[in-house]
Amino acid sequence: MIAASQIEPVRPSPLDSRTGERREMTLHMGPQHPSMHGVLHLVVGLDGETVKWVDPDIGFLHRGVEKLCETLPWDAIAPVLERNDYLAPSTNSHAFCLAVEGLGGVDVPRRAQWLRCLADELSRISSHLVAWGTMGVDLGGAFGGGTSVFLYCLRERERILDIMQEWTGTRFHPNLSQIGGARYDVPAGFDRLLDTKLAEIDAKLDEMISMMEESPIFQARTRGIGVLSPELALGLGACGPVARASGLALDLRKTRPYEAYKEIDVPIVVRTEGDAYARYRVRIDEARVSIRLSRQILAGLPDGPIHGRPPVRSSKHKAPAGTSYAAVEGARGELGVWIRSDKEMSPTRVRLRSPSFANLSAIVYILPGHLIADVVAVLGSLDPVFGDVDR
Amino acid sequence: MSAADASATAPGALPTVEVAPGDLLALAQRYLSEGFRWYICTTGIESAEGLEVQHFLRNPESGGEIVLRVKLDALAPKLPSLYPVFPGADWSEREAWEMLGIEFEGHPGLRRLLLPAQWDGFPLRKSYPIATPCLPYRPAAEKPAAAVVPAPSPIPAGEAT
Amino acid sequence: MWTADSILETFVFPFAISLATLSVFMTALIPVLWIERKLAARLQGRVGPYEVGSPHGYLQPIADVLKLLSKADMIPTQADRLLFLFAPIWTGTCALWGVALIPFAPGLAAFRSDISLVLLLAVASLPGLGQMAAGWASANKYALVSALRVVGQVAAFEIPLIAGAITPAIVYGSLDLNTLTEAQPAVGFLFGHPLGIPSFLLFLVGMLAEGNRTPFDIAEAESELIAGVTIEYSGMRFALFYIGEYGSLFLFGLLACVLWFGGFRGPFVPGPHWLLLKGFAFFCFVTILRWSFIRLRIDQFLKISWSGFVPASFLLVLLAVWWVG
Amino acid sequence: MGFAASLIGLLKPVRVTVSHLFRKPTTVMYPHAHRPPTDRFRGGTFGLTTDPETGLENCIGCRLCEMICPSKIITVTLDRRPDRGYAGIFTLQYEACMQCELCVQVCPTDAIVMSREFGEPAYSRADFFLDKEKLHANGKKMGRVWGSGSTLQAMHGKKERPAPAAAPAAPAAKKEGA
């Protein structure tokens, strides 16, 4: 087995000493490009249509969240962090709250823990739906079947958003997790609503499969494209569906269980191909697992309070001093928050370990040798979220 | 030094080993051979204790975790890059460099990652000013008076007494 | 010796017929654009155009074109000016030339010729030239890559297109579209002849590629090359490409109807109605295909052409010749 | 994959898309039709409430909402009067709000609430700058809402399963099934 450090990325070729230019045609893809998933700027060295090297340029969505956290009261940080991985928002605040609770001093009631995990599972489903949709657009373009897939996926995601609206009052950024508990209890009749909506999504997943996987064109476009070897995936810190598609059975819900997952058995979906198809397929299977887990969590929801602290009435909370790291298995992988507290009004340092950041760094290794069309296919399969990459 | 020396205080804290900058690469290599192949992240911190860098590794098989903590000289923060051992350190170290001004020796290309190339200063340092250049919005001209005059309309004037 | 009759016959009638055909075709493009938008929306579970020309957005195509016409016209400073200005006109008008050859009723075509099929196929491949010119002249790397793709595409997919179209001509021994229409059995060449379906499939594939429709829309390739050759065009010039694209697609549709679906023949209503109805139905079919598939990659696209469709084309032509003789 | 299987595979996306022709569209014609918001919905604008009996404003100018707001869009000054405090200035820069409902949660007197209706679009930034008059007008218009400081804090303070007990605070929580 070859060590990750022995796999060299393909760096941009040097400038020609005589002409001052590169041998390859450099093509700037992004930051304004239909399929750059936001604001990625890729400088691509092309020989014909073959990609020789890639030089990613990130940071167009950098908002200085880590610095911002150092200025905010403890209780006000969670909703800000939800804007990071904006496709699976509740996982962000969940990780942050876990990290702060890891500093000690707060006892989170079981019901709150399960509620948060339920929100995580729901946002995982909705995030994966967007991932297929955008991958469809990447493969099929705005004027083709890709858009149809995208709209079908968004239609299904609406059902998740409806659930969240019923539960927390917002469709997108629920702001459910709070240090010490959950902010909203489920309303009456929630289990029936969840059951109906999830059943509808489950039934419609076959439509997505028909649109994408069963079409030979999709197979031709994704099989064997952007293969990420397991060793490289580990060395780069790749996680989530990207790592699991490379044959690594890494899922924090199983390997580092937290909250409700300590009591629930989470089947890990693993594929060994490591290509774009495997990453897409892992997401499909994971969404099915998540649908089942959501039902399981809601069925086993323990009674009791939902908040371990007295109700938040001011911004004066001070977390105990210390250092803490907590991670949840977000939709894209290990979403970790590293906190340093000196028992001040605000944290001393908040470091966000974002899964998209680690996963995206693989493109330097896996894109060279492919065609332009594969660039978008691979990006679609890696599913980076730029709020998360750039923070 | 090994994972056994690692100490943990808060329940969320990670097993940590302190390492001098000079020993970092050798220790990382040893952990790598012990199975800590999963690079998680690199964090640069500035706190009351000064500047430090923490490399977080994990063993994918056993789930074991280890943080390599390198305390740095405040005036010339410098340590060897972890890139030769873990390629994932590339971007994380670039980020720590641009945000905190920590020099990583042996890194293949320390250039700005998230910030514009011409950015001045190291934003995550505590000394970096957080003065906001844009003031909160206030609507101009038309009715500045309405916003300033404290005249609570629902309260009858005589009732306050 | 000019008599009143010969003047009428030589100048006035062709002019009048051309004008009529042109206006019919341009008018027909409005429902074509509407069908594209509305059908696409319905295929995706949306409502589609609604407000402009309420209740169903019937005036949306006009609003579209007006919007494009009112936009700023920009020419990149580094562009090859002459070619840049010329390319959209070329592409936009080529589709209109071809319609002159389509027989709308027995003997009624703006330009009658014994070799109208050959002429039509020649004219129909001309828009590609304008696209190449646009891609080169735009001084944009995306446009350049797209222009190269257009070259590969035209080279690879002209053969299936022509082979498909020439099969009925071989079978019925004529190159005149009018004769070909009338020679077909009542169910059309498609079902009335064993070679009907294979030749139609080949033509369809070639037509989707020429008309830039998924899964073969690699020249435009929205998600890869942004807008391909038209990336630097705006306003009216883009509208010309837009009209040219839909015009040539509709023209191919009409040709398919003439060759495989019995053209203007049909009961109760006159020929032009039938041809246009069939043309719209065929366009609906193409639109459904377009919004169902994702795109092939350029190498796969060329490979299936050269190793699949081109040999099949030759085989089909040989079969047709064997059938006749 | 065999040739025949490929052909059949090509038909499957077509089957899905064509099947949508025979279904009702998912989207609604937005300005003409709205999807009904749920009881807890907080996507709308803000309002300041008044006491229905005395007609006095509920805000006591304690500035807790200003301090917890992550976006720092609320400005409150205390207008101290003999009986109690009132809000002197109360401004809210709604365009920068991120709908986290923390201001509502910390409010000790249920003074600030969020609307259940979608926020209206506006033509200028000034329209999103809510001063006290606008906030009070909003508060009158929106009537009773589910989310207020007391309901949210009651939800957190409960030691027992709060769902049945919370029903009176959320009067319509049951009827919203679809």
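This is a predicted model: local features need pLDDT of at least 70, side-chain atom pairs count only at pLDDT 80 or more; totals for chains, interfaces and linings use all residues.

User: Which residues does helix H2 of chain B cover, and what is its reach?

Analyst: H2(B) runs over residues 89-100, so 12 residues by the DSSP run. From first C-alpha to last, H2(B) reaches 16 Å, close to the 16 Å expected at 1.5 Å a residue.

User: Is H2(B) mostly covered or open?

Analyst: Mostly covered. In H2(B), 12 of 12 residues are buried. Among them are Trp91(B), Arg94(B), Trp97(B) and Leu100(B).

User: What covers the buried residues of H2(B)?

Analyst: The cover includes strands E2 (38-47), E3 (50-58) and E6 (103-105) of chain B. Helix H12 (355-360) of chain A is also part of the cover.

User: Switching to chains. Which pair has the most contacts?

Analyst: Chains A and D, among the 5 pairs that touch. Their contact takes 45 residues from chain D and 42 from chain A.

User: Which helix of chain D gives the most to that side?

Analyst: H1(D), with 8 residues. The side of chain D that touches chain A divides into 22 nonpolar, 13 polar and 10 charged residues.

User: And how many residues does the contact between chains C and A take?

Analyst: It takes 25 from chain C and 31 from chain A. Helices H6 (141-172), H10 (222-225) and H13 (298-324) of chain C each supply at least two residues of the chain C side. That side has 10 nonpolar, 6 polar and 9 charged residues.

User: How far apart are chains B and C?

Analyst: They do not touch; their nearest C-alpha atoms are 25 Å apart.

How values were computed. Residues are numbered from 1 along each chain as its sequence is written. Chains are lettered from A and ligands numbered from 1 in the order in which they are written. Two residues are in contact if their C-beta atoms, placed from the backbone, lie within 7 Å. Helices (H or I, at least four residues) and strands (E, at least two) are DSSP runs, numbered from the N terminus. Ala, Val, Leu, Ile, Met, Phe, Trp, Tyr, Cys and Pro count as nonpolar, Asp, Glu, Lys and Arg as charged, and the others, Gly among them, as polar. The expected span of a helix is 1.5 Å times one less than its number of residues. A residue is buried if 20 or more other C-beta atoms lie within 10 Å of its own, exposed if 12 or fewer, and partly exposed in between; C-beta atoms are placed from the backbone.
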